[in-house]
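Please look over the sequence and the structure shown here before reading on. The paragraphs that follow lead through the fold step by step.

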Amino acid sequence: MEIRIVRGSAIAPTEMASYDAALAEANVHNYNLTHVSSVIPADASVEFVGRAPDLGPVGDELTVVEARATSATRPVSAALAWTRSDGGPGLFYEAAGEETPERVRSRVKRGIAAGMDLREWSFGDVETAVSCADPDDGFATAVVLAVYGSGRAIR
């Protein structure tokens, strides 16, 4: 399985419209997102792509780990961190809020370090991806997602 890291940010007149627009920038707005916790399967590859390629028919279900922040009054940032163990499995951690990109990156690194401490795995380097937005006129949303595989029909 391939896991793609994508991100987006947007400003729109409502909270939901800004979220939808941020997903559009990441090119995952035409899918139904199913959120999972943060374990990377041993047989998966992880690649930062920024914007998702075509992942299947409109309306399909996508499995994701998502960092998301929305605000109408303050700048927002969202971040994902990830690492792999020598044996293959790995972790994602997410952080988001009304804060600077540097601060959210620092929080997500502290979070993944705590997650690594909980497991008896030998981990490699930690990678991060951050998105940010500033609400000039409306709501601002920043998203970073780990998208597991491609879309599949909802049953």
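Which residues is I5 in contact with, leaving aside its neighbours within four places in sequence? Contact here means heavy atoms within 4.5 Å, and by that rule I5 is in contact with V46, E47, F48, V49, G50, L80, W82, F92, A129, V144, L145 and A146. This is a predicted model, in which local features need pLDDT of at least 70 and side-chain atom pairs count only at pLDDT 80 or more, while totals for chains, interfaces and linings use all residues. Residues are numbered from 1 along each chain as its sequence is written, and side-chain values use heavy atoms, with hydrogens and water left out.

To place these residues, we begin with the strands. Helices (H or I, at least four residues) and strands (E, at least two) are DSSP runs numbered from the N terminus, and two strands pair if DSSP finds at least two bridges between them. Five strands form an open sheet with mixed pairing, in the order 2-5-9-1-4. Strand 2 (32-35) and strand 4 (45-50) are its edge strands, each pairing on one side only. Strand 2 pairs with strand 5 (residues 61-71) in the parallel sense over four bridges, and L33 stands opposite L62 in strand 5. Helix 1 (residues 15-26) lies across strand 1 (2-12), strand 2, strand 4, strand 5 and strand 9 (139-152), and runs at about 135 degrees to strand 1; such angles run from 0 to 180 degrees between N-to-C directions, with axes taken as lines fitted to C-alpha atoms, for helices over the stretch in contact.

An open sheet of four strands has the order 3-7-6-8 and antiparallel pairing, with strand 3 (39-40) and strand 8 as the edge strands, each of which pairs on one side only. Two bridges join strand 3 to strand 7, and the bridge partner of V39 in strand 7 is L91. Helix 2 (residues 101-117) packs on this sheet and touches strand 6, strand 7 and strand 8, its direction making about 145 degrees with that of strand 7.

We can now turn to the interior. A nonpolar core is a set of buried Ala, Val, Leu, Ile, Met, Phe, Trp, Tyr and Cys residues joined through side-chain atoms within 4.5 Å, where buried means under 20% relative accessible area, exposed over 50% and partly exposed in between (1.4 Å probe, protein chains only). In the largest nonpolar core, which has 19 residues, I3, I5, L80, W82, F92 and A146 touch the most other members. The elements that give two or more residues to this core are strand 1, strand 5, strand 6, strand 8 (127-133) and strand 9, and strand 9 gives the most, with five residues. A second, separate core of 16 residues includes V6, A22, L23 and V28.

Aromatic rings of Phe, Tyr and Trp (its six-membered ring) pair if their centres lie within 6.5 Å, and planes under 30 degrees apart count as stacked, over 60 as edge-to-face and the rest as tilted. The count comes to three aromatic pairs. W82 and F92 form a tilted pair, 6.4 Å centre to centre with 55 degrees between the planes; because W82 lies in strand 6 (residues 76-84) and F92 in strand 7 (residues 90-97), this pair ties together parts that are 10 residues apart in sequence. W82 counts as buried because its relative accessibility is 4%, and F92 counts as buried at 0%.
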